[in-house]
Amino acid sequence: MAGRSAFVPDMSTPHLSLADLKALVRTVPDFPKAGIQFRDITTLIGHHQGMAASVHHLAAMAGTSGAEKIAGMEARGFIFGAAVAVQMGLGFVPVRKPGKLPIATIGIDYALEYGTDRLEMDPTAIAPGQRVVIVDDLIATGGTALASVELLRSAGAVIEHALFVIDLPDLGGASRLREAGITVRALMEFEGD
Ligand code: AMP
């Protein structure tokens, strides 16, 4: 195309520090409601080196966990989970919102602050005993991650590790996961909720 040079993929090892990555997350106060500090990864994933370094660090963590497959939760867990899976040469299992998969699914209902939600997955996605590592953008109360662990285990997965870009430790989710026997690691933490 006139005026544009040929696409050359950048395969170099990303060199941003974890502090650099944290600085790329945008904080939006009072979204989706008053009092919530929304940690927005749009700015992180829009930055090529930021996205590459995040995936690089998550894949390095997953590499020490014996992962045979990566699972990610809809929707932001897909962004990081699928990229980590590709980087590691593994398959990716999407844990989906209800009604999205065109096959008979297995699912789990779980409590939210107000009401309930549901996650679904392909019951044939995981071989019995396969070691699956969970990847999501953020852990807050841990409700989503704990429900995903339960669902993936019911599909035959062995789950001992969960990885997040962001941990909000004051909300206790990582502690709840650790109490359930899961090793939790995150690239960064933010205080408060
Ligand atoms: P939880 O089930 O409470 O651990 O919440 C997990 C999901 O909610 C994450 O995957 C995030 O996408 C979203 N979430 C919860 N709190 C925040 C927050 N403060 N900023 C951005 N996303 C959030």
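Where is P32 found? P32 lies in the loop between strand 1 and strand 2; helices (H or I, at least four residues) and strands (E, at least two) are DSSP runs, numbered from the N terminus. This is a predicted model, in which local features need pLDDT of at least 70 and side-chain atom pairs count only at pLDDT 80 or more, while totals for chains, interfaces and linings use all residues. Residues are numbered from 1 along each chain as its sequence is written, and side-chain values use heavy atoms, with hydrogens and water left out.

**Ligand site**

- The ligand sits in the largest pocket. On a 1 Å grid over the protein atoms alone, a pocket is an open set of points where a 1.4 Å probe fits, with protein on both sides within 12 Å along at least five of seven lines. A molecule sits in a pocket if more than half of its atoms lie within 2 Å of the pocket's grid points.
- There are 14 residues around the ligand, and R39, A140, T141, G142 and T144 come nearest; a residue is near a molecule if one of its heavy atoms lies within 4 Å of it.
- At least two residues of this shell are supplied by each of strand 2 (37-40), strand 7 (131-139) and helix 5 (143-154). Strand 7 gives the largest share, four residues.
- Polar contacts are pairs of N or O atoms within 3.5 Å. A polar side-chain atom of T144 lies 2.6 Å from an oxygen atom of the ligand. For L138, a backbone N or O atom is 3.4 Å from an oxygen atom of the ligand, and a backbone N or O atom of G143 also lies 3.4 Å from an oxygen atom of the ligand.
- On its own the ligand has 490 Å² of accessible area, of which the protein covers 81%; the areas come from the Shrake-Rupley method with a 1.4 Å probe.

**Helices 3 and 5**

- Helix 3 (residues 48-63) has 16 residues and reaches 22 Å from its first C-alpha to its last, close to the expected 22 Å. The expected span is 1.5 Å times one less than the number of residues.
- The 12 residues of helix 5 should span 16 Å at 1.5 Å a residue, and its end C-alpha atoms are 17 Å apart, which agrees.
- Buried residues (under 20% relative accessible area; exposed is over 50%, partly exposed in between) in helix 3 include M51, V55, L58 and M61.
- In helix 5, the buried residues are G143, A145, A147, S148, V149, L151 and L152.

- Most residues other than glycine have a negative phi, and most peptide bonds are trans.
- D30 belongs to the loop between strand 1 and strand 2, and its phi is near 60°, a positive value in a residue other than glycine. D30 is partly exposed, with a relative accessible area of 48%.
- F31 lies in the loop between strand 1 (26-29) and strand 2 and is partly exposed at 44% relative accessibility. A cis peptide bond joins F31 and P32, with omega about 0°.
- A second residue pair, E74 and A75, is joined by a cis peptide bond with omega about 5°. A75 is placed in the loop between strand 3 (69-73) and helix 4 (76-88).

**Strand 8**

- D167 is in strand 8 (residues 158-167) and is buried, with a relative accessible area of 4%.
- C-alpha to C-alpha, D167 is 5.8 Å from L138, although 29 residues separate them in sequence.

Methods: Buried means under 20% relative accessible area, exposed over 50%, partly exposed in between (1.4 Å probe, protein chains only). A polar contact is a pair of N or O atoms within 3.5 Å; within protein, one must be able to donate a hydrogen and the other to accept it, and residues adjacent in sequence count only if both atoms are side-chain atoms. On a 1 Å grid over the protein atoms alone, a cavity is a set of points where a 1.4 Å probe fits but cannot get out, and a pocket is an open set with protein on both sides within 12 Å along at least five of seven lines; lining residues have an atom within 4 Å of a point.
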